[in-house]
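This report goes through selected features of the structure shown below.

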Amino acid sequence: MSHSAEDIATPLDEFPTGETPTNLSRRQFLLASAGVMAGAFVLGVGLPLGMARGQTPAAAARRMRVPAFLEIRPDNTIRLQSPFIEGGQGTFTAMAQIVGEELDADPATFVVENAPPGKEYTVMANGMRITGGSMSVRFGYPPMRQLGALARAMLLEAGSKHFGVPVAQLTTEPGKVVHKASGRSASYGELAPHALDLPVPDPASVKLKDPSQFRWIGKPVKRLDAYDKSTGKVIYSIDTQVDGMLQAAVQHAPRYGMTIGSIRNEDQLKAMTGVHSVHRLPGAVAVVADRWWNAKRAAEAAQVDWQEAPTGSSQRTMPADFSTKAYEQQLASTPGDGVTAESAGDVAGALKKAHTVVSATYATQYVHHAQLEPPSALARFNPDGTLEIWLPNQAPDLFQADIAKHAGIDPQKVILHQPLLGGFFGRHFLYGPGNPYPQAIQLAKATGRPIKLIWSREEEFLRDPMRPMAVVHFKGGLDANGMPVAIEAVSATEGPAEGIANKRSKPFDDSAVEGLTGKAYAIPNRRIAQLYVKTPAMLAYWRSVGHSMNDFLYESFLDELADKGGQDPYELRMHLLKGNQRLTHLLQAVGELSGGWKRGPFTAADGSRRARGVAMASPFGSEAAAIAEVSIEHGKVKVHDVWEAIDPGSIVNPAIIEAQVHGAVALGLSEVLLEEAVYEHGVPRARNYDMYPILPPDRMANVHVRIVQSGATMGGIGEPPLPATPPAVANAVSQLTGKRIRSMPLSRYSFDT
């Protein structure tokens, strides 16, 4: 994959910014600058989002705009620049389905690419452009439909001129305009040149389809990226090459914050095979060589005298005496009631009057992203002063701005190439020293050559920012019938948003307590709070963010309350959701999917002794309920089946949703059974998968999925299936073994066979 600056000239500042949508093809710049096929119909428009009639000019000026770039080529293929990055979650296919539905074009005819940075691609009504938070499809759905509908209207208009008949006499079939009265038709590709100079209609004048007419939305449309990925044709960042490039590897300081004192064998390193040069970077030694393997060997051989971080540094540093075990104890023993994030009723009074009070302390662990593709970046400075850079990312505009800062150039001179992500789980956001591109930029400057830097897995595990740890103190009050009347949860933690910003959020970090807050159970008295305890570790978002740990904590404690009150946990949840039709139906659905709720323990057909656990979660606008069935085999937890019902309100592609549930369950099982990043003496114990086990194929459960469309506002789907899985497993294990599980991973525990 090699592109010149001329190939990738960014048209961003030339997109229309006025109120009136504009067909950019009339301005001819896209045809010249974006590699558009001759004769293609190009539509790049600014659509007002969330606009209400009567808005003031000031309010209107703050509106988001939708400039999605659509190119209908003479051969009837359709190129779409997606505002959202593809990383295996199926976004490209979903975008093609949504646009194709209104355009009346088969999604299989689409070629979808990652759109470049530019405010014009900010299609999310919240003003952000990120691929994360399970926001892509639900936020992209309205504007992508409008885009397709506008393009169809223009093609109909072009057909009207072509056939010499009124637009009202025309209709469309997939990929063509049809005049039924005469039996004539013309493909979109044929009409594309005629649509070039037509004005873009007022978006308000274009009627969207009634969902009952959907041809592709709601159907299991085949993935657009599957063939290239399965045949090895996809070029990831780690595969990119440009002429004249050198390759680089690094040896990081064992603890971040440390600096280089001296390199004792620098001359020997320079004399090693293929080595071009040796460099001192902040917190790392870098070796540039002709091949990455030669660079890696030399970087690993570097004998460096590392110096402690300067005292008083404002940067996060890792002390030599840090351990996760001691930090967990610190979290557990930190006094205080925290800052209230959610409250209702009178918790203190209800606990005082309760028939039974249950107290318990739960904990969660650091976890790595451990995505398949190690971090990499390729940087090239061009003679015209631009910097081309290839790297995986989930937020193009934020990265472009930060790259410019590191390079010391204007952001408009940064040409950001965005290959498909080789897995992410939240890994590819701005994480300061957790990103490799600042090093690649510095090395490209120093050598005057294009540099591709790859972090080995060992260096990645040393610098991967992690999902936070938390210790949560619970108190629950039960009435004389054993029903919960009060719950209090105080989470001692530093949230991921706080860790990334390197400062405390005021008054609290939402992402630190989500999953503890927002529960739908009708417990009249409740208080959820965050007790801020700073950690020296670098923190990050991880798939389903706070929900990944907090739903485990809450749903496990809810089972503990059920046991203390003599209640069945499934029936208790059903009782607490009384009157909530959506969640009651969802819980019933997962019960039916599992063949009928039964807690156990019971003896399965194979003679194994088993039990089931249940849990629910409400992450990212969707609702999920899971039941897990477990046994103990050779002292380890074996998860046989996970049944999951998920309600995202409405859907675009059920096949992708089912695949997402399978993937999320796998990661949830990996988290609850195995994954834990352990630090001792300030360094991670695991530097590769040998010491950081992830779920192996033979421990994967059978996954059964039911998609429920309640008709509620569309929610996310990438992350919501995960959070209910770990507590469902832990609750099943507690029932089976009689041992209450209050922390992950379960590999911390020993179980009798």
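## Cavities

Three cavities of 30 Å³ or more are counted. A cavity here is a set of points, on a 1 Å grid over the protein atoms alone, where a 1.4 Å probe fits but cannot get out. Grid points are joined across faces, edges and corners, and a volume is the space filled by probe spheres set on the points.

The model is a predicted one: local features need pLDDT of at least 70, side-chain atom pairs count only at pLDDT 80 or more, and totals for chains, interfaces and linings use all residues. Residues are numbered from 1 along each chain as its sequence is written, and side-chain values use heavy atoms, with hydrogens and water left out.

The largest cavity has a volume of about 90 Å³. Lining residues are those with an atom within 4 Å of a point. For the largest cavity they are Pro 375, Ser 376, Ala 377, Leu 391, Pro 392, Phe 399, Arg 427, His 428, Gly 434, Asn 435, Pro 436 and Tyr 437. By class, this lining has seven nonpolar, four polar and one charged residues. In this classification Ala, Val, Leu, Ile, Met, Phe, Trp, Tyr, Cys and Pro are nonpolar, Asp, Glu, Lys and Arg are charged, and the others, Gly among them, are polar.

## Helix packing

Two packed helices are described by the angle between their axes and the distance between the axes. Helices (H or I, at least four residues) and strands (E, at least two) are DSSP runs, numbered from the N terminus. Axes are lines fitted to C-alpha atoms, for helices over the stretch in contact, and angles run from 0 to 180 degrees between N-to-C directions.

| Helix pair | Angle | Axis distance |
|---|---|---|
| α11 (residues 396-407) and α12 (residues 437-447) | about 40 degrees | 10 Å apart |
| α4 (residues 136-163) and α5 (residues 188-195) | roughly 85 degrees | within 9 Å |
| α17 (residues 569-576) and α18 (residues 581-593) | roughly 160 degrees | within 9 Å |

Angles under 35 degrees count as roughly parallel, over 145 as roughly antiparallel, 65 to 115 as roughly perpendicular and the rest as oblique. Contact means heavy atoms within 4.5 Å.

The axes of α4 and α5 cross at roughly 85 degrees. This makes α4 roughly perpendicular to α5. From α4, the contact takes in Arg 152, Met 154, Leu 155, Ala 158, Gly 159 and His 162, while α5 supplies Tyr 188, Leu 191, His 194 and Ala 195. Six of these residues are nonpolar, three polar and one charged.

Helices α11 and α12 are oblique to each other, and their crossing is right-handed. A crossing is right-handed if the near helix is turned clockwise from the far one by less than a right angle, and left-handed if anticlockwise. Phe 399, Asp 402, Ile 403, His 406 and Ala 407 of α11 touch Tyr 437, Pro 438, Ile 441 and Lys 445 of α12. The residues of this contact are six nonpolar, one polar and two charged. Phe 399 and Tyr 437 are also among the residues lining the largest cavity.

Helices α17 and α18 are roughly antiparallel to each other, with a left-handed crossing. Here Tyr 570, Arg 573 and Met 574 of α17 meet Thr 584, Leu 587, Gln 588 and Gly 591 of α18. The contact has three nonpolar, three polar and one charged residues.

The peptide bond from Lys 506 to Pro 507 is cis, with omega near 0 degrees. Pro 507 sits in the loop between α14 (496-501) and α15 (510-513). Met 744 and Pro 745 are also joined by a cis peptide bond, with omega about -5 degrees, and Pro 745 is in the segment after α20 (725-737).

Ser 544, in the loop between β21 (525-532) and α16 (547-564), has a positive phi of about 75 degrees although it is not a glycine.

Tyr 749 lies in the segment after α20. Not counting residues up to four places away in sequence, Tyr 749 touches Lys 739, Ile 741, Arg 742 and Ser 743.

Notes
1 Å grid on protein atoms, 1.4 Å probe; cavity = no way out; pocket = protein on both sides within 12 Å on 5 of 7 lines; lining within 4 Å.
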